[in-house]
Amino acid sequence: MVRAVVAIDGSSIALNALEAFLRTARELKEPADVHCVSVVDYFRLPRAALEPSDVIWSEAESALSAAGERARTLGYTTLNHVVQGSVVEAILEYCRKIDATIVVIGTHGRKGVERALLGST
């Protein structure tokens, strides 16, 4: 069985990466234990100072809910988790915690100023 961690940030790119992974797992007839993870990094979010933390956390939960719905349309269920911290470190820590066999991350391909402000995966 594949134990996957899928990074979910609320973007269509993340949902497309989830769907691509699930379709591949289904084609390979490989059972998958799917953990969708959304990371809230209060220190890197410029709006964190403007919005209450529960609003940001709620947005992460909504993104995970959308991911769960997308997975259900393909016949899979997900375990959804909101974690706090630096995105890369939090995802890697979660992978170690569950002994993940694969990490699925969509790419934004940002460049220039947009990359400097928003980061890129």
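Predicted model: local features only at pLDDT ≥ 70, side-chain atom pairs only at ≥ 80, totals over all residues.
Is glutamate 69 buried, partly exposed or exposed? Glutamate 69 is partly exposed, with a relative accessible area of 45%, where buried means under 20% relative accessible area, exposed over 50%, and partly exposed in between, using a 1.4 Å probe and protein chains only.

Residues are numbered from 1 along each chain as its sequence is written, and side-chain values use heavy atoms, with hydrogens and water left out.

Searching the whole structure gives four salt bridges, each defined as a side-chain nitrogen of Lys or Arg within 4 Å of a carboxyl oxygen of Asp or Glu. Glutamate 69 pairs with arginine 72, their closest N and O atoms being 2.6 Å apart; both are in helix 2 (residues 53–73), three residues apart, about one helical turn. Helices here are DSSP runs of H or I with at least four residues, strands are runs of E with at least two, and both are numbered from the N terminus.

In helix 1 (residues 12–27), arginine 23 and glutamate 19 sit four residues apart, and their closest N and O atoms are 2.8 Å apart. Glutamate 19 is buried at 18%, whereas arginine 23 is partly exposed at 35%, and these two residues join Arg70 in a network of salt bridges.

Finally, arginine 3 forms a salt bridge with aspartate 33, with closest N and O atoms 3.5 Å apart, linking strand 1 (residues 2–7) to strand 2 (residues 32–40) across 30 residues.
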